[in-house]
Amino acid sequence: MNTFSEGACDAVVVGAGHAGCEAALALARTGLKTVMLTLNLDSIGFMPCNPSVGGTAKGHLVREIDALGGEMGVNADKTALQIRMLNAGKGAAVQSLRAQTDKNAYHREMKRTLEHTENLRILQGEAAEILTENGRITGVKTAYGGIISCRAAVIATGVYLNSQTITGEVVKASGPNGFASATLLTDNLIKLGFRVRRFKTGTPARLDGRTVDYSRLQIQAGEDVPPFSFLNEESPETQTPCYLAYTNEKTHEVILNNLDRAPLYNGQISSTGPRYCPSIETKVVRFRDKERHQLFLEPEGADTTEVYVQGLSTSLPHDLQKQMYRTVAGLENCEIVRYAYAIEYDCIDTLDLFPTLEYKNIEGLYTAGQINGTSGYEEAAAQGLIAGLNASLKLRGMPPLVLRRDQAYIGVLIDDLVTKGTDEPYRMMTSRAEFRISLRQDNADMRLTEIGYECGLATKERYRKFLARKQLLRDTIAFLDTRADRKIADALVQKYGYPPLSGGISYADLLRRGIPLPEVAEAFGILEDVPAAVKDSAETEIRYAGYLKASEEQIAKARKMEEKPLPDDIDYLKIDGLRLEAREKLQRVRPLNLGQAERISGVNPADIAVLMIYLSLKK
């Protein structure tokens, strides 16, 4: 095949899913000439599974992406059909925003944003080869022989690498939703030294909403909660309802009586699937004693009757799918417009990456998203932003950005991937973050916007709004520390079962006694002009002050370990005193510091003590 020049640029982004979009925008917005290469322009920002953004822990990621200057939160706010706060009855650390978005509108708005971004060119085509010279990336070659010369690249291929969909006995070489798969790049990645493995995910059927009997389902309305982006202040005025449904004994019978036709159980599928988002077959087999499983019926968009059935992902044959769905109350006469399927795809071993998401063997080559073994739009977008921003920083001669575990959920996500690796599709959860009381979604801007601004990604407008919000939060907390009217305060505390006051009390003291700030504000007629989001943050800071102080002490101890670098030329295999497993793991991961070494699976405290002695002797 003849080759030809597709031009030169600073960086190429391979893929236009959620990781690719954030990577391309991070590069272009920081002044780098960027080419985004995608199999199909119609798949830009596409949501092949649930058209939703956020969720438990994922909402934290979206707000962090936004705080740094990314686009996911902005686009989710533009296209939200419904928004809710998950875990609202629990502590602030685990509360997470979730929005049901309009699938077509999300794609359309993201594509429009990319098309109107300076320094960014979008090109439809398949990446066939990553070109390198002397251990550095020099370009990307397309399937048609076009060569895009570049100094950096981000591979964000999603679930498209050698992907195939599986539905019953039918296996097709295909990407999600009928899009073409990428068949050429995997072999090249293996030649470059990547360790490639095979993962699986799946999606439920889509129903014709006109054939659903909503009167038999439980309505789930939207809520008046803050939006995702710190640039916005209000959630959508009009919100579309979602609905709750449940499987039952008949549903489970259809599955259990036909496991011989289920690809997950008859040997057709051997790849690793997501533990935390299993198919309905897995749930029914694994939890045979459970009488029912919860389902959510959610709209695909404002311009379609298609309905997504969250919780009923399957790879059963079409005839069994139809039979199974119709066992659910309210779905007895439902018609399927898109049948469910499982999809297998190639991904890499993330232990081959630095914490910047740069590939250890080739300078300037980064990977992000589901190619890194993660699941979910939010995890992908977070990695895309960090990979794109680090590629930009490298090309601009600036220090890399590595967020610590105490700084962001994004830091936890990436540290887990490059330090521990993953043998299954990785999903972010609040339980993974040991400093989650400090990593709340309400304070993502306080933690990260200044960093995004210093890196050149967060705009002056965003930074100005951040500074104003930061000052207003300080002022609000200071005001709440002032004395309250004793007579009104006395009535409030007695209402909550406390004895009459014997002296003065501050508004903050009332909050510490468990009286909600909205009730305090209404009783005293205060803070009327302060936005609800600022009041929520102030209340949390006051209520959790003791826990936050303890968390800060733990963070300080952890940071001391992070500040003890490990030379990159250490031969761990030759260090006496290290156990064999620790030697092998340390040699494989090659941690940057003692903190990262401490988190490697198979390295115990005794091994860390040996490393500390080794470092002291090397001085």
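Modeller: Before we start, a polar contact here is a pair of N or O atoms within 3.5 Å, where one must be able to donate a hydrogen and the other to accept it; please also keep in mind that this is a predicted model.

Colleague: Is R447 buried or exposed?

Modeller: R447 counts as buried because its relative accessible area is 16%, and buried means under 20%.

Colleague: What else is R447 in contact with, leaving aside its neighbours within four places in sequence?

Modeller: Besides E64 and Q407, the residues in contact with R447 are A408, S438, L439 and R440.

Colleague: Switching to the sheet, what order do the 4 strands have?

Modeller: The strands of this open sheet follow the order β13-β12-β21-β14, and their pairing is antiparallel. Its edge strands, each of which pairs on one side only, are β13 (170-173) and β14 (196-203), while the twist from one strand to the next averages 25°.

Colleague: How many bridges join β14 to β21?

Modeller: There are 8 bridges between β14 and β21, the latter spanning residues 341-348, and the two strands run antiparallel.

Colleague: Which residue in β21 is the bridge partner of T201?

Modeller: That partner is I343 in β21.

Notes. Residues are numbered from 1 along each chain as its sequence is written. This is a predicted model: local features need pLDDT of at least 70, side-chain atom pairs count only at pLDDT 80 or more; totals for chains, interfaces and linings use all residues. Side-chain values use heavy atoms; hydrogens and water are left out. Buried means under 20% relative accessible area, exposed over 50%, partly exposed in between (1.4 Å probe, protein chains only). Contact means heavy atoms within 4.5 Å. Two strands pair if DSSP finds at least two bridges between them. Axes are lines fitted to C-alpha atoms, for helices over the stretch in contact, and angles run from 0 to 180 degrees between N-to-C directions.
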